[in-house]
Amino acid sequence: METLALYIHWPFCLSKCPYCDFNSHVRDRIPQARFRAALRTELATEAARLGRRTVGSVFFGGGTPSLMEPETVAALLDDTAQLFLLAPDAEITLEANPTSVEAGRLAAFRAAGVNRASLGVQSLDPVALAMLGRQHSAAQAVAALETARRIFPRLSFDLIYARPGQTEAAWRAELRTALAIAADHLSLYQLTIEPGTRFETLHRRGEIVLPDGDTAAALYDATAMESARFGLLPYEISNYAVPGADYAGIGPGAHGRLSLDGALFATRRHRAPEPWADLVERQGHGTVEETALTSEDKAREMLLMGLRLTEGVDAGRFAARCGMSLTDALDPVVLDDAIAADYVTWRDGRLVATREGRLRLDSLLAALVL
Ligand SMILES: C[S@@+](CC[C@H](N)C(=O)[O-])C[C@H]1O[C@@H](n2cnc3c(N)ncnc32)[C@H](O)[C@@H]1O
Ligand code: SF4
């Protein structure tokens, strides 16, 4: 049985950032004790049906998991070790925001067992941080990175680029500063306008304007070039699970993919925090949907995930997981065209999107995947 990745969702934040559509909520007082108990219950329920599988990684995501009391993180990790087999080299990541409140807790998270921090820096430019509605300054972000570097064996941080008004020169300068501080990994996200966010409203009214296609491509190339100089891959996406591997999602809105009795199930928990906790208190879990995936579902998912990654989609792994060959899952005419246009290419038995392909990945996938 393959190792299991465990994802634990903490749904609370200090404030709602205007670009963000993650399942995150602001409360006057975070119900810490209630959510600690509910997360532990849901974890125990999941363990009871999955059995003592080996957990290869744990990811505390959010929301803002650095707002969790460290005892909650410790309790969940202790439970994981008792209920499952926690691999000795398991990567245990916690997403942290660099406000002073949270930076003060980093040592306690390390003591609880976290061995990798992922800091939401977003920008090192004060004007951009204000525009993004962040609660921390650039200086606080740098200080938090320095503290985190002393505490955690592994450290990563997030930046958002292709922001309104961002020039290529300014982004190169910001990225160089970031790369000079970076430890082992950096996640670079192009700003996207998500439905239902404050930015969507402002964008619709023309009050914020994203870089045009040429500028966005130049920013993307600058990102690739600067990152390559530091030996970092620009396309790396911070995935807590390998495409096609099992993962269990605990907490409000968390998704899971679990092999049970020879089938692969997609699970989803209730998204709203308090109704989720009500369900867990009543029935031991907040699952609202559990469906067996068809071969086509599995194929589509693995392609959507895999083609975003530098290593692409492995044809052998694909066939084993989905029960069909990789080429059978793709429109042959579109595939030939995409190869001819150098949007995708075959490399050592893997289908990989090229730079040009990545720039138009969404439309490419829509046409390519059957
Ligand atoms: C779960 S989120 C946030 C983690 C943490 N709460 C924080 O704010 O730092 C993970 C990352 O997604 C990125 N992100 C969120 N919304 C985005 C958007 N609309 N466009 C681009 N990147 C986004 C941010 O870089 C963020 O750090
Ligand atoms: S970006 Fe992070 S801090 Fe901001 S609302 Fe989203 S999850 Fe919360």
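This is a predicted model: local features need pLDDT of at least 70, side-chain atom pairs count only at pLDDT 80 or more; totals for chains, interfaces and linings use all residues.
Strands of a sheet pair through backbone hydrogen bonds, and the pairing can be parallel or antiparallel.

Now take S12 and its partner S13. Strand S13 covers residues 350–353. How many bridges join S12 to S13? There are four, and the two strands run antiparallel. One bridge can be picked out by name: Arg-347 has Arg-350, in S13, as its bridge partner.

Next come the aromatic rings. A pair of aromatic rings is described by two things: the distance of the centres and the angle of the planes. The structure holds seven aromatic pairs. One of them joins Tyr-7 and Phe-59. Their ring centres are 6.1 Å apart, with 15 degrees between the planes. The pair counts as stacked because that angle is under 30 degrees.

Where do these two residues sit in the chain? Tyr-7 belongs to strand S1, residues 4–10, and Phe-59 belongs to strand S2, residues 54–62. The pair therefore ties together parts that are 52 residues apart in sequence.

Are Tyr-7 and Phe-59 buried or exposed? The cut-off for buried is under 20% relative accessible area. Tyr-7 has 12% relative accessibility, so Tyr-7 counts as buried. Phe-59 has 8%, so Phe-59 counts as buried too.

Rings also group together elsewhere. Ring pairs link Trp-10, Phe-12, Phe-35 and Trp-276 into a cluster.

Note on methods
Residues are numbered from 1 along each chain as its sequence is written. Chains are lettered from A and ligands numbered from 1 in the order in which they are written. Side-chain values use heavy atoms; hydrogens and water are left out. Rings of Phe, Tyr and Trp (its six-membered ring) pair if their centres lie within 6.5 Å; planes under 30 degrees apart count as stacked, over 60 as edge-to-face and the rest as tilted. Buried means under 20% relative accessible area, exposed over 50%, partly exposed in between (1.4 Å probe, protein chains only). Two strands pair if DSSP finds at least two bridges between them.
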